[in-house]
Structure formats: structure tokens, C-alpha cells
Amino acid sequence: MSKPHVCMVVNNLEVGGLEKVVLGLLDRLGDHGFGLSLICLDGEGRLFSEVKLPRSNCLVITKDLRPVLPGVKSDPEAILWIRRFLHQRAVDVVHVHNRAPLIFAGIAARMLRDRPIVLYSEHNQINRAKGFDRRKFGYYAYLADEMVAVSHDLKRILVEDVKVRAPVRVIHNGIDGSRFVRAQQGDARARIRAELGIGEGEFVFGCAVVHIEQKGLRFLLDAAPEVLQRVPEARFVIAGDGPLRPDLQQRARDAGLGDKVIFPGYRSDVPELISSFDTYVLPSLWEGLPLALLEALALGKPIVASRVGGVPEIVEHGQDGFLVPSANPGALVEHLSRVARDEALRERARTRGPAKFAQQFSLDAMVDAHVRLFDELVARRRGGEVPSRQRAQPGRAEPAEAGHSPAAVGGNAANGSPVASG
């Protein structure tokens, strides 16, 4: 019998938490005996070069939405390409991440005679859907056989608000902590601070996130002037990029913050950057289970974050840091100032954070939970028993075919035609 095959479906692999989770799964599931493939619906994305699959196991298209019925847009050709891709690889589980992948791959899967199981992972998108959009998602959800929520808060929304029919289980996001251990062992803190012009005696409040409305960064900038009055040695580092970056930089200039706020832009050395922070700040308006806080936890940084979504599942108020109401600069001022003066809390975070991370939010913990789930789903589909397993040693997924770089894909990405397929 052929080994079980899991196909991941995403919009693309642009920089973000969802994308890092998918890369982590693709990197490790091969060690557990799964065949793997990947479908991107909207081009590759910046992180696609990190995929370690054979080119023939990657389908990259650019969907072209056009009217197919009154009030309905779709791309039938893209759905047919996905159907063919799934059929050729005898996929057992189609693991879709967020709404568009659910719709496209869910429909394609239902067009197959020997239909794969459709597993939907909700990362955070449902929080942006209000009113009619949220009700509409309830109809799309019928395409999923099983669901994963990355936090208990998201499970509550799916079960109680959306009232999905599919079973929902919680699997927390996880990340590879080895990079963060290495970042603590070297001279990264001093080197990054020197690069950014930050003195050793200055207290750094920092974050590294996509600059979008969800992250609430304008409220951090609103709080900064008063924080500086209370903590004159404070500096703020707001790393990352996104559509709001120019507006945020202008907001900092208008507030007269000068060099007290640094915008380093997109960084590929996030563990080293975070190691230079004294406190991690995430003033989000909504969240699923943010990987940014897992990174801070792994490095033992105290956290000041909004009490939204799955954040309270990561941060224990008064122990790992502080939870504050969202969109509340005054609460940020109070708790940022407090953490700067509370050496005991910062010391607690240095020891509690890495231990909590290893137990609850490591890549191994996330992968093991998915392996158990995939084993159940494959056994249900094939009519066998769920295998008993021992944890595989971390390694790589399927090696690239000889002469095929993961990024070496060719073809025409326009109008839903495939960029790479077998």
C-alpha cells in the first residue's frame, strides 16, 4: 500500500505566521512517512524558496476570479488544475489554510471519485469576517470534513458563532526553537544594538510584524511619548514591512519621536533581532495564535500584548508579561512603564518563557499533533487502523529531485495556468 499523502493548500507563501506554520509542517512530516505536496493559489510568495519538495510536487497558479453566476466569481480552470493535481498524486488529506484554499481545493476534492478528506485550518481569518461574510463562511465550511483551530478562542468562534458542522480540534501553532537558542548563544544582542544605534543602557521595546491594521501599531506610537516621559532611556524598534509602514513612520515624525523609534524594515534575522529587545510588544486588535509571541517566549522576553484571540493562551498576566485591552494607549503606557521597572518579572520571563515554549509551542509538539490527526484521517479514509508511532527524529521532508531547485519553476502564471506541475 502506498504511503499516505498530504497536500497543503495556501494562497501563497508570503511572509506571515500561517506561511511559517505550513513550511514547518512540510519540513517535518516527511520524517513521519507522509508523501507531501503543495498548492499555491496566488503565486509563490517570498518564502517559497524555503520549500524543500520536488518541483513535481508543487502546483503554483494565479487564480483569475471572474463572474460564473450572478453575484458569484470563480476560476473553473484553476479548480480543474487542482483536481488533476490531487488525482495524479492519490492525495489522502487535503490540508487547506484559510478560506480561498478551502473553496478551491474543497470543490476540486469533491469532484474526485475517490475523494480525499478535506481538513481546514483556521488561523485568524474568521476574525476579519463580520455580518454577512461570517454567515457566508458557514456555507463554505460545509466543504470541510474536519477542522483545526490554532487557539481555543478560534474554536469557540467556529463552534458557537459560525456553528460549523465539522468536528473542530485545537492544535496550537509551533515553531522551530533551535534558531532562537543559537541567537542567545552568540553576540547577536550587542551586534544588532550597535547596528541600530542603540546603547547598552537603553531599554528596548520591540516587535517584528507585518505593518497592517490588525497589529495595532498606531496605538503603540500613540503611547510612546508618555512612555518616554516615564522611561527616558526607552527606545522603540518596529521591524517588518507592510502597507501601513509609510503612515506609521509619518505618525512617529508627527509625534516628534525622532530617533527614539526605529523602523528597520523587513529582517531575515528575526531571532537575533528579538534577542536585542528587552520587552516584546504586540498591541493587536485581533489575533489567532501569533507566532511573533512564540518567538518572544522562546527567547525569554517579557511580553506586553493585547488581550485578544489566543494571546492569553500564550501570556500569563503578571508572570510572562502583561495583557492589556486592545486600542488602549493608556494601558500600554502603564504596563510598558511597569515592565521596564520590574526586574523580577523580567527575570521570571527569562526562565518561564523558554520552558513554556518547549512544552506547548515547539515545532515538534505541533507536528506530533498533526501526525496523530493525519493518521486518524488516513485510517478512516482507507479503512485501516491508526498506526502507533514513536516520534521521528527531526530532519527534512522529501529531498529535491536531482537538478531541481525548489524555486526553479517555469511557465506562465497568468489566467490561472500552472507555474509548476507534474
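1. Arginine 251 and aspartate 222 form a salt bridge whose closest N and O atoms are 3.1 Å apart, the term standing for a side-chain nitrogen of Lys or Arg within 4 Å of a carboxyl oxygen of Asp or Glu. This pair links distant parts of the chain, with arginine 251 in helix 9 (residues 245-254) and aspartate 222 in helix 8 (residues 217-230), 29 residues apart. Salt bridges that share partners also join Asp92, Asp114, Arg381 and Arg382 into one network.

2. On the basis of the note: this is a predicted model, in which local features need pLDDT of at least 70 and side-chain atom pairs count only at pLDDT 80 or more, while totals for chains, interfaces and linings use all residues. Residues are numbered from 1 along each chain as its sequence is written, and side-chain values use heavy atoms, with hydrogens and water left out. Helices (H or I, at least four residues) and strands (E, at least two) are DSSP runs, numbered from the N terminus.

3. A search of the whole structure finds 37 salt bridges. One of them brings together the side chains of arginine 46 and glutamate 14 at 3.7 Å, N to O. Arginine 46 sits in the loop between strand 2 (35-40) and strand 3 (58-60), and glutamate 14 in the loop between strand 1 (5-10) and helix 1 (17-28), so that the pair, 32 residues apart, links distant parts of the chain. Arginine 46 is partly exposed, with a relative accessible area of 44%, and glutamate 14 is likewise partly exposed, with 32%.

4. Aspartate 153 is buried, with a relative accessible area of 19%, whereas arginine 156 is partly exposed, with 34%.

5. Seven strands form an open sheet in the order 3-2-1-6-7-8-9, with parallel pairing; two strands pair if DSSP finds at least two bridges between them. Strand 3 and strand 9 stand at the edges with a single partner strand each, so one side of each has no neighbour in the sheet. The twist averages 20° from one strand to the next, where axes are lines fitted to C-alpha atoms, for helices over the stretch in contact, and angles run from 0 to 180 degrees between N-to-C directions.

6. Towards strand 9 (residues 168-170), three bridges join the two parallel strands, and the partner of alanine 149 in strand 9 is valine 170.

7. The chain crosses from strand 7 through helix 4 (residues 132-140) to strand 8, and this β-α-β crossover is right-handed, meaning that, with the strands pointing away from the viewer, the path from the first strand over the helix to the second runs clockwise. Strand 8, helix 5 and strand 9 also make a right-handed β-α-β unit.

8. In helix 7 (residues 188-196), Ala188, Ile192, Arg193 and Leu196 are buried. Seen down the axis of helix 7, its buried residues fall within an arc of 120°, so they line one face of the helix; the arc is that of the directions from the helix axis to the C-beta atoms. What covers these buried residues includes helix 6 (178-185), strand 10 (203-208), strand 11 (234-239), strand 12 (261-265) and helix 10 (270-275), contact being heavy atoms within 4.5 Å. Just after helix 7, glycine 197 takes a positive phi of about 75°.

Technical notes:
Buried < 20%, exposed > 50% of the residue type's maximum accessible area, 1.4 Å probe, protein only.
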